[in-house]
6 protein chains.
Amino acid sequence: ERDKYENNDVAGVVTGLAWTQVGGDILFIESILSKGKGNLNITGNLGKVMKESATIAMEYIKANAETLNLDPSVFDKYNVHIHVPEGATPKDGPSAGITMLTSLVSLFTQKKVKKSIAMTGEITLRGKVLPVGGIKEKILAAKRARIKEIILCEDNKRDIEEIKEEYLKGLTFHYVKEMSEVINIAITDEKVKNAKEL
Amino acid sequence: ERDKYENNDVAGVVTGLAWTQVGGDILFIESILSKGKGNLNITGNLGKVMKESATIAMEYIKANAETLNLDPSVFDKYNVHIHVPEGATPKDGPSAGITMLTSLVSLFTQKKVKKSIAMTGEITLRGKVLPVGGIKEKILAAKRARIKEIILCEDNKRDIEEIKEEYLKGLTFHYVKEMSEVINIAITDEKVKNAKEL
Amino acid sequence: ERDKYENNDVAGVVTGLAWTQVGGDILFIESILSKGKGNLNITGNLGKVMKESATIAMEYIKANAETLNLDPSVFDKYNVHIHVPEGATPKDGPSAGITMLTSLVSLFTQKKVKKSIAMTGEITLRGKVLPVGGIKEKILAAKRARIKEIILCEDNKRDIEEIKEEYLKGLTFHYVKEMSEVINIAITDEKVKNAKEL
Amino acid sequence: ERDKYENNDVAGVVTGLAWTQVGGDILFIESILSKGKGNLNITGNLGKVMKESATIAMEYIKANAETLNLDPSVFDKYNVHIHVPEGATPKDGPSAGITMLTSLVSLFTQKKVKKSIAMTGEITLRGKVLPVGGIKEKILAAKRARIKEIILCEDNKRDIEEIKEEYLKGLTFHYVKEMSEVINIAITDEKVKNAKEL
Amino acid sequence: ERDKYENNDVAGVVTGLAWTQVGGDILFIESILSKGKGNLNITGNLGKVMKESATIAMEYIKANAETLNLDPSVFDKYNVHIHVPEGATPKDGPSAGITMLTSLVSLFTQKKVKKSIAMTGEITLRGKVLPVGGIKEKILAAKRARIKEIILCEDNKRDIEEIKEEYLKGLTFHYVKEMSEVINIAITDEKVKNAKEL
Amino acid sequence: ERDKYENNDVAGVVTGLAWTQVGGDILFIESILSKGKGNLNITGNLGKVMKESATIAMEYIKANAETLNLDPSVFDKYNVHIHVPEGATPKDGPSAGITMLTSLVSLFTQKKVKKSIAMTGEITLRGKVLPVGGIKEKILAAKRARIKEIILCEDNKRDIEEIKEEYLKGLTFHYVKEMSEVINIAITDEKVKNAKEL
Ligand SMILES: [Ca+2]
Ligand SMILES: [Ca+2]
Ligand SMILES: [Ca+2]
Ligand SMILES: [Ca+2]
Ligand SMILES: [Ca+2]
Ligand SMILES: [Ca+2]
Ligand SMILES: [Ca+2]
Ligand SMILES: [Ca+2]
Ligand SMILES: [Ca+2]
Ligand SMILES: [Ca+2]
Ligand SMILES: [Ca+2]
Ligand SMILES: [Ca+2]
């Protein structure tokens, strides 16, 4: 049985799209802050490349703190923990990059993620979004999970165009080239309830 | 020969349910505090995923210290050690998550865990409880061990409904979706004897 | 050729019972203090589980410093080194737990261990002693080594009852459930000669 | 489908040439600065030798800070992160050395890299550029990606001379022996837009 | 070709006896001090057990500094490096223990090691010397190398008694039980030339 | 194609002799200093034993700073990076020891290495030079590379005597027993151009 989209009440929780041996699925990226010294902790039975995505997202945010309207001193005063349920499933690959980025931006801004949105795409340090594989399976899983909007790399548009239109009904696609576009689309202006003062 | 439920006299000791190659069993999660600098030490011949559960439980508690009525300064003044007997048996998987969470909340509040209760369920950073496997075997083991109440994920209810009713006699089930529910059910208002002043 | 019991003149040296591929044997747990910052160093060609036992013993002592009448500041001012000769033999498993506990309590109290005593049993953080395997072989080895008293877990009593009585002649057994009982039995009130002032 | 040359708008982004199992390709070296204590972070699914190249480039720049007109105090005030997309592809070998060097010099000087240039060559601590393999495949990939100028080690000239002239049309080659020549050719005098004040 | 005994001019250089696949050989343990913070560095292509011997020797000396007439503050002001040539040969096992102990005592006292002496024996934290294997081969190698005196564990006497007397001609044996005896026999009262003031 | 001798203009660059699967070759040891805290960084796709040689050379220099006329405070104020091109070739073994020693002495004294010299030999902490293998192949490679003088261990003289005299024409051999001899022969009195003030 597959996961369902939940809600966007909690800062740092974002819905990603995964491509597994048994087909597509959604996954959740969760991140939280605790008082600390700037450590980054990553769990969820992740492989090296997926852990690197978390590091890249974090470093990108640090390097672009000003543009993102973040006070750089928060990075030294909190530890960040990123987790990807479900622990029993080994996970790897770069495709959760934009989901991790969105999770961390939501966390540091304490802003809500757009409702019913999911995403998949590799990130790079220079701010680009790169295409990823398994798009068809991921889209089918997104529909089953009641996702309404999907962010993909511009270069994945051709993969969508090869899918029968009936499968795409009810889905809105956002094609992006830059990580800043992902943030613009996915992060709302609304603070989460009980937003932390960082 | 199987373990038996013991008692709830000591802070940080909680009964979990395990699914092993030779069937279900109960296991104990133990945790203690010693003066220190906030290190987390984990023993018991555990695999990577089970160690990650301990980290997640700890980070969740740190991030929700206020809600849990904990003074965040304790996290820097004590080391936490979590142990899962028996050392000769390798253990892994995410299912001890809620048991570890309960152990740590009991430890930091110095409150008694509810009597004759056991539990099994994966935890996530955003506060959800996820379903786990081996429910039938775990329930049988709980009965043998004289457990009276069991906490499970709501999504594991279907597994209980497939068990013959006679096996369930004498057991009360608590189905939960959130980690806060686990804490509400499992942690009593009563301090343990000789409770530490943290 | 097998080891023989030696004596109890030195703080931190305790006789354990081991079960090896060539039958039972006694082994020595040795521990010493040197000025330092609280590091725990473990040698003797030990596997992961046996190293964990040393950590558990150390953490238990730290967490119960008051009960054990120890000034907690010593833990920060000394390094502890635990060694298990003989280096050429790989060793693993949890059964040296109570022996390591006794070694460390003797070390920090600078008190003599009871004469001609040996022991085997797993320890847990909550203060329990758990049963271990290979009891028959260990008892025979203890006799050969001229041990007079043996500490075992209460749950290992059944293993002793299956041994022919003639093999048990001259041996006194102490069956325990709690780590505090081990300490009461094994640690004397007498300081070692040239006891260190900690 | 292969990557295309992008642009030189961002400090620290440089185009390299790679030789993969499926032929030549271009790759991007990206590097960014974030406030920190001088740590060097390297991602991109890289093997040991490729990571060493990054270390060598960094140490060369530190040791030659004066010649490069860099204030040595910046090395202690920032963390450097070097990333090589795409994360799904394992990469190794020394041939990205001069590309990494150029990336870091651009980063620390906040100067633009020359437009439409790509490069491949091993670096050494004493400032030499060493020849690398796969030149023919790399050149074809560079053309496909619309590269106009290429920096190679002098010792790779013979590899170019063995390529049919028609394949080389539109490409300008710079043959170098020293790392200082690479910097002179590849780093322009123009600051990037929104150059950071280090 | 085999090594020859050299001399005792340098502090920290001691001759040990090794048992290799091609028979017995002598080996040298070398140790030096450099200004530092008390780190212990061990090289020579050594396995885990042989490295543990170095740790045990070092900890024993620290714990018995007073008895050895050493100012404990030196342990924090210098780094110790122990090396066992020849780097191309992997080495392991506990039998270099007393040789390492002697090397470190010579180093910290800056006293000469007795001339023409070699040794082999395991050490323990409680100050015992334990027997080791390969005695016959080691003795033959010692003679070839022009060693005159040999320190062995008392329990290795039986191995010597099984060697034909003609092979033992010219060799004096010291059988010891305690590490303090090794030091008494092997360390002279004479300072090395240009002894360091520690 | 083989490497050629270059020059002695740069501090810390020394020519060694290597014995590879495809015969002898020369190699370069390069080392540089950067402001730091005394870290030693080693790159070049080196195995454990070759890395140990670098450590031994460094520790020997630290321990003999006075004799070498070096101010010991430099060791804490700079990081040392040693690199052995070419990164694509895995390298191991102790035979680069005297080359690394010479490189570091040149680096810390900022003195030129003797012109047209190459060397091969293992080093030890007590200051000895030990013989190494592959001498014939190394000598032929040295000639091809236009080396004029070679430093070898005294014990390698016999290997030279077995080489046909015509192959040795134009080569001068220095046979040494001590590391101090290597330094005397290989390090000139002339400072390198633009010598750093340490
Ligand atoms: Ca799922
Ligand atoms: Ca994703
Ligand atoms: Ca059990
Ligand atoms: Ca459980
Ligand atoms: Ca034994
Ligand atoms: Ca034992
Ligand atoms: Ca590509
Ligand atoms: Ca390249
Ligand atoms: Ca030898
Ligand atoms: Ca030896
Ligand atoms: Ca070469
Ligand atoms: Ca060499």
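Student: Strand E1 and strand E6 of chain D: do they pair in the parallel or the antiparallel sense, and over how many bridges?
Tutor: Parallel, over two bridges; E1 covers residues 14-20 of chain D and E6 covers residues 117-119 of chain D. Keep in mind that this is a predicted model.

Student: Noted. Which residue does Gly16(D) stand opposite in E6(D)?
Tutor: Gly16(D) has Met119(D) across from it.

Student: And helix H4 of chain D, which strands does it touch?
Tutor: Helix H4 (residues 135-144) of chain D packs on the sheet and touches E1, E2, E9 and E10 of chain D. Its direction makes about 75 degrees with that of E2(D).

Student: Where does helix H1 of chain D lie?
Tutor: H1, residues 48-63 of chain D, lies across E3 and E4 of chain D. It runs at about 150 degrees to E3(D).

Student: Let me zoom out. What's the strand order of the sheet in chain D?
Tutor: The order is E3-E4-E2-E1-E6-E9-E10 in chain D, an open sheet of seven strands with mixed pairing. At the edges sit strand E3 (40-43) and strand E10 (172-176) of chain D, each pairing on one side only. On average, neighbouring strands of this sheet are turned by 30 degrees against each other, ignoring direction.

Student: Switching to chain F: how many bridges join E1 to E2 there?
Tutor: Seven bridges join strand E1 (residues 14-20) to strand E2 (residues 23-35) of chain F, and the two run antiparallel. Within that pair, Trp19(F) stands opposite Gly24(F) in E2(F).

Student: Which strands of chain F does helix H3 lie across?
Tutor: Helix H3 (residues 97-109) of chain F lies across E1, E2, E4, E6 and E9 of chain F, at about 30 degrees to E2(F). Helix H7 (residues 179-186) of chain F lies across E6, E9 and E10 of chain F, and runs at about 150 degrees to E10(F).

Student: OK, interfaces. How many residues of chain F and chain D does their contact take?
Tutor: It takes 23 residues from chain F and 18 residues from chain D. About 1,700 Å² is buried between chain F and chain D, with carbon and sulfur atoms giving 56% of that area. Glu30(F), Ile32(F) and His81(F) supply 26% of the area that chain F buries against chain D, more than any other three residues.

Student: What's the salt bridge count between chain F and chain D?
Tutor: Three. Glu6(F) forms a salt bridge with Arg126(D), where the closest N and O atoms are 3.0 Å apart. There are also eleven residue pairs in polar contact across the interface of chain F and chain D. On the side of chain F that touches chain D, E2(F) gives the largest share, six residues.

Student: Now chains A and B. What area is buried between them?
Tutor: About 1,700 Å² between chain A and chain B, of which carbon and sulfur atoms give 55%. The contact takes 23 residues from chain A and 18 residues from chain B.

Student: Which residue of chain A does Lys128(B) form a salt bridge with?
Tutor: Glu6(A), with the closest N and O atoms 3.9 Å apart. Strands E2 (23-35), E3 (40-43) and E4 (78-83) of chain A are the elements that give two or more residues to the side of chain A that touches chain B. The residues on that side of chain A divide into nine nonpolar, nine polar and five charged.

Methods
Residues numbered from 1 in each chain as written. Chains lettered and ligands numbered in written order. Predicted model: local features only at pLDDT ≥ 70, side-chain atom pairs only at ≥ 80, totals over all residues. Heavy atoms only, no water. Pairing = 2+ DSSP bridges. Helix = DSSP H or I, 4+ residues; strand = E, 2+ residues; numbered from the N terminus. Axes fitted to C-alpha atoms, helices over the stretch in contact; angles between N-to-C directions. Contact = heavy atoms within 4.5 Å. Buried area = accessible area lost by both parts, 1.4 Å probe. Salt bridge = Lys/Arg side-chain N within 4 Å of Asp/Glu carboxyl O. Nonpolar A, V, L, I, M, F, W, Y, C, P; charged D, E, K, R; others polar. Polar contact = N/O pair within 3.5 Å; in protein donor to acceptor, adjacent residues only side chain to side chain.
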